[in-house]
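Work through the exercises below with the model open. Try each task before reading its solution.

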Amino acid sequence: MVAGLSVRKVECPVCSKPGLEIREVPYEVPGFGTMLIISMACPHCGFRHRDVLCLEFGEPKRYEFVVEGPEDLKARVIRSSSATIRIPELGVLIEPGPMAEGFISNVEGVLDRVERAAMMMLHFAEAPSQRARAHEVLAKIWDAKQGRLRFTLIIDDPLGNSLIAPEDKSRVKVRRLTEEEVRELKSGPFVPIDVRWARATGQAEGGSERGEG
Ligand SMILES: [Zn+2]
C-alpha cells in the first residue's frame, strides 16, 4: 500500500458506465508544495489518463530555469498534461497534444523526450535539409545532456499544475502568465473538468482562469 493512496470510482466520462477508477497519491515537492499524482482507467471502454495536479496554486504560470551545468540536469520537473515546454536554444517547442499526459521527471528526462522526438524527426525526414536540421538539433541535445550547453527550460501551464524545482529555489523564475499568453497556449487533452478537479475543489486557490473570447 502506497502512503496516502486513495482510490475511488466514478462514472466514466467517455462511455458513461460506472467504474472509472481514479487513483491519487500525494507527492511532496520540498519548498514548492504538494502535488497529486493521478491515474484513471476505465475497465469498460479502455479510457486511460495519467496526470499531475498541484493543490496549492492553480493559476496560469510560467517557470523559467537556466541550466548551467551537469548538476542542473537533476532539477525536478513536473509537467502536467496542459503544459507547454520550450527550450529556445534548441529550437524546442512541445505543445500538449490530445493524448498528452502528465509526468514527474527531471531536466535530463525532458531532454530524453526531446531526443526521442528529434530521432523520429530524423527517421521521417525526406529532404536533405530536414535531415541536416535533425542532426543539428541532436548534436545540441547531446551537448545539453552532457551539461556542456547552457540552455533555458521554460514551462507554461495555463492551469498552474506544473513546476521546475531546482534545489536552489531562487534560481527558478516564476511569474503569472498574462491573459494574452494564456490564449496563445494549447490547452491539452480533453479531460472532463468535474473528474479532474473533483478532489481539488475547495483546496486549490482560484482554479483555471483561462480568458475567454
Ligand atoms: Zn469508459
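Buried means under 20% relative accessible area, exposed means over 50%, and partly exposed lies in between (1.4 Å probe, protein chains only). This is a predicted model, in which local features need pLDDT of at least 70, side-chain atom pairs count only at pLDDT 80 or more, and totals for chains, interfaces and linings use all residues. Residues are numbered from 1 along each chain as its sequence is written, and side-chain values use heavy atoms, with hydrogens and water left out.

**Exercise 1. Is P166 buried or exposed? Find its contacts.**

Step 1. Read the accessibility. P166 has a relative accessible area of 8%, so P166 is buried.

Step 2. P166 sits in the loop between β11 and β12 (172-176). Strands (E, at least two residues) and helices (H or I, at least four) are DSSP runs, numbered from the N terminus.

Step 3. List the partners. Contact means heavy atoms within 4.5 Å. Setting aside neighbours within four places in sequence, P166 touches F32, F65, A75 and V172.

Step 4. P166 and P30 are 136 residues apart along the chain, and their C-alpha atoms are separated by 9.9 Å.

**Exercise 2. Describe the site of the zinc ion.**

Step 1. Find the donors. These are N, O and S atoms within 2.8 Å of the metal (3.2 Å for Na, K and Ca); water is not among the atoms, so sites may look incomplete. The SG atoms of C12, C15, C42 and C45 coordinate the zinc ion at 2.3 to 2.4 Å.

Step 2. Write the spacing. Along the chain the donors follow C-x2-C-x26-C-x2-C.

Step 3. Four donors count as tetrahedral if all angles lie between 85 and 135 degrees. Here the angles among the four donor atoms are 106 to 113°, and the site is tetrahedral.

Step 4. C12 is buried at 1% relative accessible area, and C42 is buried at 5%. C15 is partly exposed at 26%.

Step 5. Count disulfides. A disulfide is a pair of cysteine sulfur atoms within 2.5 Å. By this rule the count is zero.

**Exercise 3. Which residues have the most contacts inside the largest nonpolar core?**

Step 1. Apply the rule. A nonpolar core is a set of buried Ala, Val, Leu, Ile, Met, Phe, Trp, Tyr and Cys residues joined through side-chain atoms within 4.5 Å.

Step 2. Name the residues. The largest core has 36 residues, and I87, V107, F151, L153 and I164 have the most contacts inside it.

Step 3. Trace the sources. Elements that each supply at least two residues of this core include β4 (48-54), β5 (61-67) and α1 (107-124). The largest share, six residues, comes from α1.

Step 4. Look for another core. A second, separate core of ten residues includes I22, C42, L53 and L55.

**Exercise 4. Which side chains make polar contacts with those of K145 and D157?**

Step 1. Set the cut-off. A polar contact is a pair of N or O atoms within 3.5 Å; within protein, one must be able to donate a hydrogen and the other to accept it, and residues adjacent in sequence count only if both atoms are side-chain atoms.

Step 2. Take K145, in helix α2 (residues 128-145). Its side chain makes a polar contact with the side chain of E115 (2.6 Å).

Step 3. Take D157, in strand β10 (residues 151-157). D157 is buried, at 1% relative accessibility. The side chains of D157 and S162 form a polar contact of 2.6 Å.

Notes:
Four donors count as tetrahedral if all angles lie between 85 and 135 degrees; four count as square planar and six as octahedral if opposite donors are over 155 degrees apart and all others between 65 and 115; anything else is irregular.
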